[in-house]
Amino acid sequence: MRYRRAFLPGGTYFFTLVTFERRPIFANEQAIQLLRQAFQITMIKHPFKIEAGVILPDHIHTIWSLPENDNNYPTRWRLIKSYFTRNWEAARAIPNTESRLKKGERAVWQRRYWEHLIRDDADWQQHVNYIHYNPVKHGLVSAPREWKHSSFYLFVKRGFYSPDWGAGEAPDLDALKGLE
């Protein structure tokens with residue numbers, strides 16, 4: 001099967017990346033710090049702006065904006081994932097599958113990731129809401145403000161949300177079903 005991806009120079013994209021077999025790698029604070037380091041190192045040579053993000057135990061969601069003449073997010077993800085994998089495996093004995101060993105892969109990430117080109121302001125807002133409500137959706141917390149590995153408080157600080165957003169009634173995210 002051939003996957004088609006959207007490549008728009010200067011585009012803004014929503015991504016979902018999942019760990020191999022949904023292992024809760026990011027339940028570990030050390031893993032979260034290493035992932036952040038992978039982002040920082042990649043951004044030095046391949047700049048991009050992280051608009052929003054959340055790190056959950058077994059997956060991450062993020063929105064990026066790329067520079068005007070650049071659409072190469074696959075290279076950025078390859079660098080982030082490989083940096084994290086090399087350094088995480090050095091710290092942990094991670095079992096691997098025979099299939100992955102034959103392909104030179106490690107049992108840290110799922111092979112592919114979800115990408116969505118953000119089309120307009122309403123689409124951007126829906127995906128930002130999805131990102132920030134995701135820890136509640138997965139039953140990890142009762143309100144987005146309780147999840148510390150998220151850009152939620154940056155959005156509160158900017159006046160995008162009130163601190164109690166998402167604490168009561170769930171926001172309408174029906175348009176975004178199936179992003180996990």
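This is a predicted model: local features need pLDDT of at least 70, side-chain atom pairs count only at pLDDT 80 or more; totals for chains, interfaces and linings use all residues.

Me: What covers the buried residues of α4?
Reply: The cover includes β1, β2 (49–55), β3, β4 (114–117) and α5 (152–157). Buried means under 20% relative accessible area, exposed over 50%, partly exposed in between (1.4 Å probe, protein chains only). Contact means heavy atoms within 4.5 Å. Helices (H or I, at least four residues) and strands (E, at least two) are DSSP runs, numbered from the N terminus.

Me: Which residues of α4 are buried?
Reply: Among them are Asp123, His127, Tyr130 and Pro135.

Me: Where is the kink in α4?
Reply: At Ile131, shortly before the proline Pro135. The kink is about 35°, taken as the angle between axes fitted to the seven residues ending there and the seven starting there.

Me: What follows α4?
Reply: Gly139, with a positive phi near 75°.

Me: New topic. Which residues touch the most other members of the largest nonpolar core?
Reply: Phe26, Leu35, Trp64, Trp77 and Phe84, out of 26 residues. Such a core is a set of buried Ala, Val, Leu, Ile, Met, Phe, Trp, Tyr and Cys residues joined through side-chain atoms within 4.5 Å.

Me: Which elements supply at least two residues each?
Reply: β1 (12–18), α1 (29–45), β3 (59–65) and α2 (73–91).

Methods: Residues are numbered from 1 along each chain as its sequence is written. Side-chain values use heavy atoms; hydrogens and water are left out.
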